[in-house]
Amino acid sequence: MEFEKVTVIGSGTMGHGIAQVCAQADYKVTMYDPNPDVLQVGLKKIVQNLDKGIVRQKVTPERKAETLSHITISSDLKEAATGAELVIEAIPEQLDLKQAVLRQFDELTPEHTIFASNTSSISIAEIATALSDPTRFLGAHFFNPVHIMQLIEVIYHETTGVDVIDAIKGFGRRLGKQPIVVRNTPGFATSRLGVALGMEAIRMLEQGVATAEDIDKAMELGYRHPMGPLKLTDLVGLDVRMAIGEYLAKTLKNPAFEPPELMRRMVEQGKLGKKTKEGFYRW
């Protein structure tokens, strides 16, 4: 399967990044959000990313113009859905919200449209129940920042079509990503491993084992991680990671995923990481 038009639902941290890499791969992209102001912020961030690419000589001014020419922004659901052959949902980690929005798009898109969710933890099978044909649905989990990170986690559920899995793997490769295929289980592969490490790093900080900088440096230099677990938590958002941790702790019945008291306190105080300029680091 080949796609011409891709619609990305959501223009936040992940949504605008997904829209950008699709446009850079020469797909026609519609970035949808019901809030026009949020759409403008997302588009502005894409422009900033491309401008940084020019400074680093990774992107030419001509390529920036081409990329932006492939992007349409829309707060009109019908306009965003019309003709979309691949719809990627990248909205907050709330099952009911994801299902409601996907159900609306399902009613307006062609019968052959493939649907994907960027969820990092919610059951793909549960989200799929909102669609008229669950065989055309799977997870396409990108990583932040999307235009830099090379991985795409392709998550299938019990009835996902093999051709749909193959199509998303091919799509990921065209974006310059390396796909891995994972069965639908709580936390999939990446969140399950990453959140367990992140929660333990927070517990270590809470217990005074070492500073945030030294805990991160231990993983960066000792295990060659490109970014330490505390800095990564800041980047993802403490509130987002806390919600995932709570879900995994409950679903897997494993206390290793339980958010530490330090994390809960910081979220209550609004110290959510990079997006609020303060988390385990000041941004």
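Me: Over the ring of which residue does the charged end of K231 sit?
Reply: In this predicted model, the charged end of K231 is placed over an aromatic ring, 5.1 Å from the ring centre. A charge counts as sitting over a ring if NZ of Lys is within 6 Å of the ring centre and within 35 degrees of the ring normal.

Me: Which residues in α10 meet A212, I215, D216 and M219 in α9?
Reply: The axes of helix α9 (residues 212-222) and helix α10 (residues 229-236) come within 7 Å. The side of α9 in this contact consists of A212, I215, D216 and M219. Their partners in α10 are P229, L230 and K231.

Me: How are α9 and α10 oriented relative to each other?
Reply: The axes of α9 and α10 cross at roughly 105 degrees. Angles of 65 to 115 degrees count as roughly perpendicular. The orientation of α9 to α10 is therefore roughly perpendicular.

Me: How many nonpolar residues does the contact of α9 with α10 have?
Reply: The contact of α9 with α10 has two charged residues and no polar ones. The number of nonpolar residues in the contact of α9 with α10 is five.

Me: At what angle do α8 and α11 pack?
Reply: Two packed helices are described by the angle between their axes and the distance between the axes. For α8 and helix α11 (residues 238-252), the axes are 10 Å apart. The two helices are roughly perpendicular to each other, and the packing angle is about 110 degrees.

Me: How do the residues of the contact of α8 with α11 divide by class?
Reply: From α8, the contact includes S191, R192, G194, V195, G198 and M199. These meet R241, M242, I244, G245, L248 and L252 in α11. By class, the residues of this contact are six nonpolar, four polar and two charged.

Me: Is G194 buried, partly exposed or exposed?
Reply: G194 is located in helix α8 (residues 190-206), and it is one of the α8 residues that meet α11. Its relative accessible area is 22%, whereas buried means under 20% and exposed over 50%. G194 is therefore partly exposed.

Me: What distance separates the C-alpha atoms of G194 and L232?
Reply: G194 and L232 are 38 residues apart along the chain. The separation of their C-alpha atoms is 9.4 Å.

Me: Which kind of aromatic pair do Y27 and F171 form?
Reply: The model contains three aromatic pairs. In the pair of Y27 and F171, the rings are 5.3 Å apart centre to centre, with 55 degrees between the planes. Planes under 30 degrees apart count as stacked and over 60 as edge-to-face, so the pair of Y27 and F171 is tilted.

Me: How far apart in sequence are the parts that the pair of Y27 and F171 ties together?
Reply: Y27 lies in the loop between α1 (13-24) and β2 (28-32), while F171 is in helix α7 (residues 162-174). Y27 counts as buried at 2% relative accessibility, and F171 is buried with a relative accessible area of 2%. The parts tied together are 144 residues apart in sequence.

Me: Which residue has its charged end over the ring of Y27?
Reply: Ring pairs link Y27 with F3 and F171 into a cluster. A charged end also sits over the ring of Y27, 3.8 Å from its centre. That charged end belongs to R174.

Me: Where does R224 lie, and is it buried or exposed?
Reply: Phi of R224 is near 60 degrees, a positive value in a residue other than glycine. R224 is found in the loop between α9 and α10. At 76% relative accessibility, R224 counts as exposed.

Me: Which residue does a cis peptide bond join to N144?
Reply: The cis peptide bond has an omega of about 0 degrees.

Definitions and conventions. Residues numbered from 1 in each chain as written. Predicted model: local features only at pLDDT ≥ 70, side-chain atom pairs only at ≥ 80, totals over all residues. Heavy atoms only, no water. Helix = DSSP H or I, 4+ residues; strand = E, 2+ residues; numbered from the N terminus. Buried < 20%, exposed > 50% of the residue type's maximum accessible area, 1.4 Å probe, protein only. Axes fitted to C-alpha atoms, helices over the stretch in contact; angles between N-to-C directions. Parallel < 35°, antiparallel > 145°, perpendicular 65-115°, else oblique. Contact = heavy atoms within 4.5 Å. Nonpolar A, V, L, I, M, F, W, Y, C, P; charged D, E, K, R; others polar. Phe/Tyr/Trp six-rings, centres within 6.5 Å; stacked < 30°, edge-to-face > 60°.
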